Amino acid sequence: MISYDRNNIFAKILRGEAPCTKVYEDEHVLAFNDINPKAPVHVLVIPKGEYVSIVDFTEKATAEAIAAFWRAVTRIADQLGVGAGFRVVSNHGPNGGQLVFHFHVHITGRR
Ligand code: 5GP
């Protein structure tokens, strides 16, 4: 697996070194609008810990962090007004189309 690079763009966003349009934040996660939206609602949700992908997160994060992450995802979908119907996608690895190697999920939907 690719090792975690602290200079990836989402790490910079977490440190406040790169801008984002924040839609939600708590002690475990940050969510912000995708810079290149593929749907009327397109938000990225990332954990605050350093995990390369969904596989790394699932293997290494605590049960508390994993539960907090997924609870935040559904809460954010609701907050965005798409709670009745949305998609959650996570790309793992270059062959899975992953471009940014800090674990994230895409929430997409239509208001
Ligand atoms: P991946 O293919 O890794 O799952 O998707 C990475 C996503 O991050 C893409 O949808 C891309 O548009 C988004 N993205 C890349 N760089 C930035 C950035 O600097 N800011 C924001 N908000 N989104 C980004």
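The following legends describe close-up views of a predicted model. Residues are numbered from 1 along each chain as its sequence is written, and side-chain values use heavy atoms, with hydrogens and water left out.

**View 1. Helix α3 and its span.** Helix α3 comprises the 17 residues 63-79; helices are DSSP runs of H or I with at least four residues, strands are runs of E with at least two, and both are numbered from the N terminus. Just after α3, G81 takes a positive phi of about 90°.

View 2. Residues A65, A68, F69, A72, V73, I76 and A77 of α3 are buried (under 20% relative accessible area; exposed means over 50% and partly exposed in between, with a 1.4 Å probe and protein chains only). Seen down the helix axis, these buried residues fall within an arc of 165°, so they line one face of α3; the arc is that of the directions from the axis to the C-beta atoms. On the other side of α3, A63, E64, R71 and D78 are exposed. The buried residues pack against β1 (22-25), β2 (29-33), β3 (41-47), α2 (54-60), β4 (87-89) and β5 (105-109), where contact means heavy atoms within 4.5 Å.

**View 3. The surroundings of the ligand.** The ligand is surrounded by 16 residues, the closest being D34, G97, L99, H104 and H106; a residue qualifies if one of its heavy atoms lies within 4 Å of the ligand. Polar contacts are pairs of N or O atoms within 3.5 Å. A backbone N or O atom of L99 lies 2.7 Å from an oxygen atom of the ligand, and a polar backbone atom of V100 is 3.0 Å from a ligand oxygen atom. From H106, a polar side-chain atom lies 2.8 Å from an oxygen atom of the ligand. The protein covers 84% of the 520 Å² of accessible area that the ligand has on its own, as computed by the Shrake-Rupley method with a 1.4 Å probe.

**View 4. Q98 in the loop between β4 and β5**. Q98 counts as buried because its relative accessibility is 4%. A polar atom of the Q98 side chain lies 2.8 Å from the backbone oxygen of V52, and the side chain of Q98 also reaches the backbone oxygen of V100 at 2.9 Å. Not counting residues up to four places away in sequence, Q98 touches V52, S53, N91, H92, G93 and H104.

Notes:
This is a predicted model: local features need pLDDT of at least 70, side-chain atom pairs count only at pLDDT 80 or more; totals for chains, interfaces and linings use all residues. The expected span of a helix is 1.5 Å times one less than its number of residues. A polar contact is a pair of N or O atoms within 3.5 Å; within protein, one must be able to donate a hydrogen and the other to accept it, and residues adjacent in sequence count only if both atoms are side-chain atoms.
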